[in-house]
Amino acid sequence: YRKCGGCQLQNLSYPRQLAWKQDRCQKLLGKFGKVSPILGMETPYHYRNKVQAAFAYDKRRGRIISGVYQSSTHKIVPVDSCQTEDETADRIIVSIRGLLKDFKLQAYDEDTGRGFLRHVLVKRGFSTGQVMVVLVTGTPVFTAKKHFVEKLRELHPEITTILQNVNDKRTSLVLGEREKVLYGPGYIVDELCGCRFRISAKSFYQINPVQTEVLYSKAMEFAELSGREKVLDAYCGIGTIGLVAAKHGAGQVLGVELNPDAVKDAIQNARENGMKNAWFTCGDAGAFLEEAALERERWDVVFMDPPRAGASREFLTALCACAPKRVVYISCDPETLSRDLGVLQANHYKIEQIQPVDMFPHTQHIECVVRLTRK
């Protein structure tokens, strides 16, 4: 873990990791009220259902390597297996590395912009067992494509879909714009909180499905849905929180998301789950709320799950103008959460419950769900 830098707390026993995270939440959020004891994992290993590996040619070793970028660098640390990553995904990546040699395919060179394979992304549905493999290539030309796919499926019959994503730009982004399905439907399906979710290569889905169930159950408890509420799911992604709310007592749900691929998945997810009380739209959550505030649109409950940077000041101002009765704030950074809670508290919102959840064991990341009510 010292080489990789991804698991900053792996030198601590798991109980001590939880104590460290509890203390951090207390320091940052204790001024707003009681911080409940953090909800940890029973088995805090191999929880990541999404694994991505970068590929390169190691001139010193004279072979292709795959692994993760060392923290804050573009130096690849070779990895065959990781204690946080799904074991099936790790085995598939190692097999692909071997197939490159068999098929005489080159790893991508960031300096020259030449070579074939840049990254491999594997997503696995823990509930369904479905597996997606995305081969991110520096060129659309894929020699012996059919035989490569056949061999990979022969080695790993558990794979349900394979895609080629073309990223020919000099960029640190993993996925490019162009995508081609090489085998299967081009997506996988997983189950969470009693709902089925369609997951594409580009759509966001929670990394740790075991703890996501814990997190979302707590969010629903905080929302106190009775069957009549009008609910807004801001930063909705593929509709996970919104659809769980629609299933567990919301009268009607509207989800807003900036990523158009995720919105397509959310609409399809609503269809597949037979949810007639949930709708999704593509747009910036802050701009949407500003417009809604001007039109005096009202919601009973707003779920907000912003990125690590937290919510924008414009979003929070518009949220307060819309004046929902309850806000359930799901945060992946207690520091930006503390900042945003200060704004909401100053604008007539009372912070009633703060619940940390350990979504990412062995790392310093902490997820929190907070219940706020309008005074």
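**Entry 1: contacts along the chain**

I count a contact wherever heavy atoms lie within 4.5 Å. The model I am reading is predicted. With that definition in hand, I looked up how far apart in sequence the contacting residues are. Of the contacts with a separation of 6 or more, 68% are between residues 24 or more positions apart.

**Entry 2: the chain as a whole**

I noted nine helices and 16 strands in the chain. I then looked up the radius of gyration, which is 22 Å, close to the 21 Å that the globule rule gives for 375 residues; the chain is therefore as compact as a globular protein of that length. For the dimensions along the principal axes, I recorded that the C-alpha atoms fill a box of roughly 65 × 45 × 35 Å.

**Entry 3: surface and charge**

I looked up burial next and found that 53% of the 375 residues are buried. The accessible surface comes to about 17,200 Å². Carbon and sulfur atoms hold 49% of that surface. I also recorded 52 positive and 43 negative charges, whose mean positions are 3 Å apart.

**Entry 4: strands β10 and β11**

I turned to strand β10, which covers residues 230-234. Four of its five residues are buried, so I describe β10 as largely enclosed by the rest of the structure. I looked for its pairing and found strand β11, residues 252-257, joined to β10 in the parallel sense over five bridges. Within this pair, I noted L254 of β11 as the bridge partner of L232.

Is strand β14 mostly covered or mostly uncovered? I found β14, residues 326-331, to be mostly covered, since six of its six residues are buried. I then sorted its side chains by direction. R326, V328 and I330 point one way, while V327, Y329 and S331 point the other way. The residues of both groups are buried. I also looked up strand β13, residues 301-304, which runs parallel to β14 and is joined to it by four bridges. In this pairing, V301 stands opposite R326 of β14.

**Entry 5: residue V51**

Why do I call V51 buried? Its relative accessible area is 2%, and buried means under 20%. Leaving out residues up to four places away in sequence, I listed what V51 touches: E85, D86, A89, D90, I93, V120, L121 and V122. I also looked up V51 and I207, which are 156 residues apart along the chain. Their C-alpha atoms are separated by 9.1 Å.

Technical notes:
Residues numbered from 1 in each chain as written. Predicted model: local features only at pLDDT ≥ 70, side-chain atom pairs only at ≥ 80, totals over all residues. Heavy atoms only, no water. Helix = DSSP H or I, 4+ residues; strand = E, 2+ residues; numbered from the N terminus. Rg over C-alpha atoms; globule rule 2.2 N^0.38 Å. Buried < 20%, exposed > 50% of the residue type's maximum accessible area, 1.4 Å probe, protein only. Areas by Shrake-Rupley, 256 points an atom, 1.4 Å probe, with all protein chains shown as cover. Lys, Arg positive; Asp, Glu negative; His and termini not counted. Charge placed at Lys NZ, Arg CZ, Asp CG, Glu CD. Pairing = 2+ DSSP bridges.
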